[in-house]
Amino acid sequence: MEKIVVLTGAGISAENGLGTFRDEEGLWAQHRIEDVATPEGFAANPQLVHDFYNARRAQAVEASPNAAHQALARLEAEFSGEVLIVTQNVDNLHEAAGSKAVVHMHGALSGALCAACDHRWPAPLVMAPNDPCPACNQPATRPDIVWFGEMPYGMEAIWDQLRAADLFVAIGTSGNVYPAAAFVQDAARYGADTVELNLEPSATISDFADARFGKASDVVSAWVEEVLAQ
Ligand code: NAD
């Protein structure tokens, strides 16, 4: 086995108190997705959207990686082949744990993007609608987050990696958000073995050859031990 592609979702960071998408009490539950996670929502009320992501950024900078993030960093460091993490998460907990090959397909809270000229720069802790872009000076700054209806980042490279993968592992993702939810089928079609590690079966569980259920900090650590022992 030479190449492992790992897809992570909100569940891997849930034990850090960051809240998953469908948590009943999380930040997400207090807002409609259309209001805070679409270009139309941002156009209608940029202050509300900045407030939402400012709150999430404040939470994320306080969070530390858990045993699951750490186990994946160890896998990358000790596995004889290649390990790539494709994350839907907008926190930086994989990097904080030491993972190097990480693709943020949905962007990151740590980034700012100019909607006028596409310039990117590190986000300040608190962003506001009238913050000028450092490159073009337009008051068009937004979080560098991929919203619903927008194209995720790095898709061509991700599909190339899925086609070349020997093993595809999905961790803490509900299988409801596309195109990530289809990665298991993409990888399996090209011959990869597939494993789901999740608290409970995802919407795409029937596409996986194997699965382990439990908290990410338990199941991911145990699975990494197994892979490294092979
Ligand atoms: P989701 O909320 O739809 O699903 C979370 C999954 O994690 C569920 O399958 C749930 O059973 C599982 N889970 C919950 N607690 C877990 C635990 N302790 N251990 C293991 N699994 C656990 O999340 P998603 O599939 O990532 O979906 C969607 C979107 O939500 C993404 O676009 C992502 O950008 C966004 N999001 C990101 C964060 C973050 O960056 N931390 C947080 C919330 C939402």
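The legends below describe close-up views of a predicted model. Residues are numbered from 1 along each chain as its sequence is written, and side-chain values use heavy atoms, with hydrogens and water left out. Because the model is predicted, local features need pLDDT of at least 70 and side-chain atom pairs count only at pLDDT 80 or more, whereas totals for chains, interfaces and linings use all residues.

**View 1. The two domains of the protein chain.** The domain assignment, which is automatic or taken from a database, gives domain 1 (1–17 + 65–106 + 152–230) and domain 2 (19–62 + 109–145). Their C-alpha centres lie 25 Å apart, and 12 residues of domain 1 are in contact (heavy atoms within 4.5 Å) with 13 residues of domain 2.

**View 2. R56 in helix α3.** R56 is found in helix α3, residues 46–62, a helix being a DSSP run of H or I with at least four residues, numbered from the N terminus. Leaving aside neighbours within four places in sequence, R56 is in contact with L27, W28, V90 and L109.

**View 3. The start and the buried residues of helix α4.** At the start of α4, a side-chain oxygen of N66 comes to within 2.7 Å of the backbone nitrogen of A68. A68 is itself buried, as are H69, A71, L72, A73 and L75, and the buried residues of α4 pack against elements including β1 (3–8) and α8 (216–229).

Note on methods:
Helices (H or I, at least four residues) and strands (E, at least two) are DSSP runs, numbered from the N terminus. Buried means under 20% relative accessible area, exposed over 50%, partly exposed in between (1.4 Å probe, protein chains only). A polar contact is a pair of N or O atoms within 3.5 Å; within protein, one must be able to donate a hydrogen and the other to accept it, and residues adjacent in sequence count only if both atoms are side-chain atoms.
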